[in-house]
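Please keep the sequence and the 3D view open as you read.

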Amino acid sequence: MKFFIDTADLDEIQALAATGLVDGVTTNPSLIAKHGAAMADRIADICAAVPGPVSAEVTATDIEGMLAEGRALAAIADNVAVKVPLTESGLRACKTLSNEGTKVNVTLCFSAAQAILAAKAGASFISPFVGRLDDIGQNGMELIADIVEIYEQYPDFETEILVASVRHPVHVVEAARLGADVVTVPPKILKQLFQHPLTDKGLAAFLADWAASGQAPILEQLEKKNGAD
Ligand code: E4P
């Protein structure tokens, strides 16, 4: 499963990219607005920081505007994936841009029917928003299970299922269990995935026992041993 990070915070992206665990980035107009930088500049900087796909969303809602913005965004860098909303115009733009060789991420997906349309429109990614479904009392992960099951029936569908609107680590684990292709997570949740209190406790105990043993540092021991051999 691929891990994308869902943010326009360049410092966070650069820091997390250094872990080697980040396969791409997703942004949206709200995330870009939150961080204040001009969109074209910020997308260019993110594309330079991460080799994988970087989703940049159009804000036009008509087909001509979406195509013009999509083409301009795609020209920023080879790894831009143009993001369009799951509307009729969005899917028309998806079809055209995909035919031109641009990766398209169809966003704001809330039903299996919408996901079928996105696959038929040639989307590279479909982004079902699990957290926003949970927020209104539905089960976001059931939508992921439905889309996985449907896409498996049609091996010619090349659309990757990108689980979005992730709220907690359990969403990530469930997405992996269901076989989703990608999960996009806010930086805070990616950091939470590393953590377990028993890891911290166990490491503290190992280090305390080691310090109490009086042993020389490992590298010092090995240098001595290699010198003697
Ligand atoms: C994904 O592409 C979206 O940017 C994002 O996951 C939306 O998440 P939210 O529902 O927390 O805003």
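## Strand, loop and barrel

Leu108 counts as partly exposed because its relative accessibility is 31%; buried means under 20% relative accessible area, exposed over 50%, and partly exposed in between (1.4 Å probe, protein chains only). This is a predicted model, in which local features need pLDDT of at least 70, side-chain atom pairs count only at pLDDT 80 or more, and totals for chains, interfaces and linings use all residues. Residues are numbered from 1 along each chain as its sequence is written, and side-chain values use heavy atoms, with hydrogens and water left out.

Leu108 sits in strand E5 (residues 103-109); strands (E, at least two residues) and helices (H or I, at least four) are DSSP runs numbered from the N terminus. Leu108 also has a positive phi of about 60 degrees, although it is not a glycine. Ser165 is another residue other than glycine with a positive phi, near 60 degrees. Where is Ser165 found? Its place is the loop between strand E7 (160-163) and helix H9 (169-178).

| Residue | Relative accessibility | Class |
|---|---|---|
| Leu108 | 31% | partly exposed |
| Ser165 | 8% | buried |
| Leu219 | 60% | exposed |

Now to the barrel. Eight strands form a closed barrel in the order E1-E2-E3-E4-E5-E6-E7-E8, with parallel pairing. Neighbouring strands of this sheet are turned against each other by 30 degrees on average, direction ignored (axes are lines fitted to C-alpha atoms, and angles run from 0 to 180 degrees between N-to-C directions). One of the pairings joins strand E1 (residues 2-6) to strand E2 (residues 24-26), parallel and over three bridges; two strands pair if DSSP finds at least two bridges between them. Ile5 has Val25 in E2 as its bridge partner.

The domain assignment gives domain 1 (2-193) and domain 2 (197-228), with bounds from an automatic or database assignment. Their C-alpha centres lie 44 Å apart.

Which residues make the nonpolar surface patch of about 410 Å²? They are Trp210, Ile218, Leu219 and Leu222. Areas come from the Shrake-Rupley method with a 1.4 Å probe. Helix H12 (residues 218-228) gives the most to the patch, with three residues, and Leu219 lies in this helix.

Note on methods
Patches are made of residues with over 30% relative accessible area and no salt bridge: like charges are joined within 9 Å, nonpolar side chains (Val, Leu, Ile, Met, Phe, Trp, Tyr) within 5 Å. A salt bridge is a side-chain nitrogen of Lys or Arg within 4 Å of a carboxyl oxygen of Asp or Glu.
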